[in-house]
Amino acid sequence: MHLVYNRGMKKEPLKLLKDAKLKVTKVRLEILGLFSDFCTPLCAEDIFKKTKLDLVTIYRTLTSFERNDILKKVNLQKKSVYYELSRHHHHHIICTDCGS
């Protein structure tokens with residue numbers, strides 16, 4: 001997976017949580033930090049590999065973020081469900097031959 005680092009966005013996770021009126025926790029900040037730092041959709045397994053947080057906690061947190069419009073699901077035609085920050089509108093192009 002190709003990750004692009006997004007500099008200067010360290011304050012964004014805190015603001016997103018406060019705007020959604022969610023409690024600021026270490027786990028929430030850590031997960032949101034990944035989405036703010038890397039401009040690419042992530043799945044629960046990606047987050048697990050990068051943080052070593054419990055998978056159940058990751059899934060519950062992703063669900064909470066989606067429910068509060070912080071994250072949105074992205075259909076990448078893959079087996080896992082991918083998420084990205086809701087604030088950015090853009091398109092994903094998928095090759096119909098190889099699926100990448």
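Glu-84 is buried, with a relative accessibility of 7%, where buried denotes under 20% relative accessible area, exposed over 50% and partly exposed the range in between (1.4 Å probe, protein chains only). The structure is a predicted model, in which local features require pLDDT of at least 70 and side-chain atom pairs count only at pLDDT 80 or more, while totals for chains, interfaces and linings use all residues. Residues are numbered from 1 along each chain as its sequence is written, and side-chain values use heavy atoms, with hydrogens and water left out.

Glu-84 forms a salt bridge with Lys-72, and the closest N and O atoms of the pair are 3.8 Å apart. Glu-84 belongs to strand S3 and Lys-72 to strand S2, so the pair ties together parts that are 12 residues apart in sequence. Lys-72 is partly exposed, at 25% relative accessibility. A salt bridge is here a side-chain nitrogen of Lys or Arg within 4 Å of a carboxyl oxygen of Asp or Glu, and by this rule the count is three.

Another salt bridge joins Lys-73 to Glu-66, with 4.0 Å between the closest N and O atoms. Both residues are partly exposed, Lys-73 with a relative accessible area of 47% and Glu-66 at 27% relative accessibility. A further salt bridge links the side chains of Lys-15 and Asp-19 (2.7 Å, N to O). Lys-15 and Asp-19 are four residues apart in helix H1 and are therefore separated by about one helical turn. Lys-15 is exposed, with 52% relative accessibility.

The protein chain contains four helices and three strands, arranged along the sequence in the pattern α-α-β-α-α-β-β. Helices (H or I, at least four residues) and strands (E, at least two) are DSSP runs, numbered from the N terminus. Of the 100 residues in the protein chain, 38% are buried. Contact means heavy atoms within 4.5 Å; among contacts between residues at least 6 apart in sequence, 48% join residues at least 24 apart.

Helix H2 (residues 26–37) packs with helix H3 (residues 44–51) at an angle of about 110 degrees, and their axes are 11 Å apart. Axes are lines fitted to C-alpha atoms, for helices over the stretch in contact, and angles run from 0 to 180 degrees between N-to-C directions. H2 and H3 are therefore roughly perpendicular to each other, a term applied to angles of 65 to 115 degrees. Glu-30, Ile-31, Leu-34 and Phe-35 of H2 make this contact with Ile-47, Lys-50 and Thr-51 of H3. The contact residues comprise four nonpolar, one polar and two charged; Ala, Val, Leu, Ile, Met, Phe, Trp, Tyr, Cys and Pro count as nonpolar, Asp, Glu, Lys and Arg as charged, and the others, Gly among them, as polar.

The buried residues of H2 are Arg-28, Ile-31, Leu-32, Gly-33, Leu-34, Phe-35, Ser-36 and Asp-37. These buried residues pack against helix H1 (12–19), strand S1 (42–43), H3, helix H4 (55–67), strand S2 (71–74) and strand S3 (82–85). Ile-31, located in helix H2, is buried at 0% relative accessibility. When residues up to four places away in sequence are not counted, Ile-31 touches Ile-47, Leu-53, Ile-58, Thr-61, Leu-62 and Phe-65. Ile-31 and Leu-53 are separated by 22 residues in sequence and by 9.2 Å in space, C-alpha to C-alpha.

Note on methods
Angles under 35 degrees count as roughly parallel, over 145 as roughly antiparallel, 65 to 115 as roughly perpendicular and the rest as oblique.
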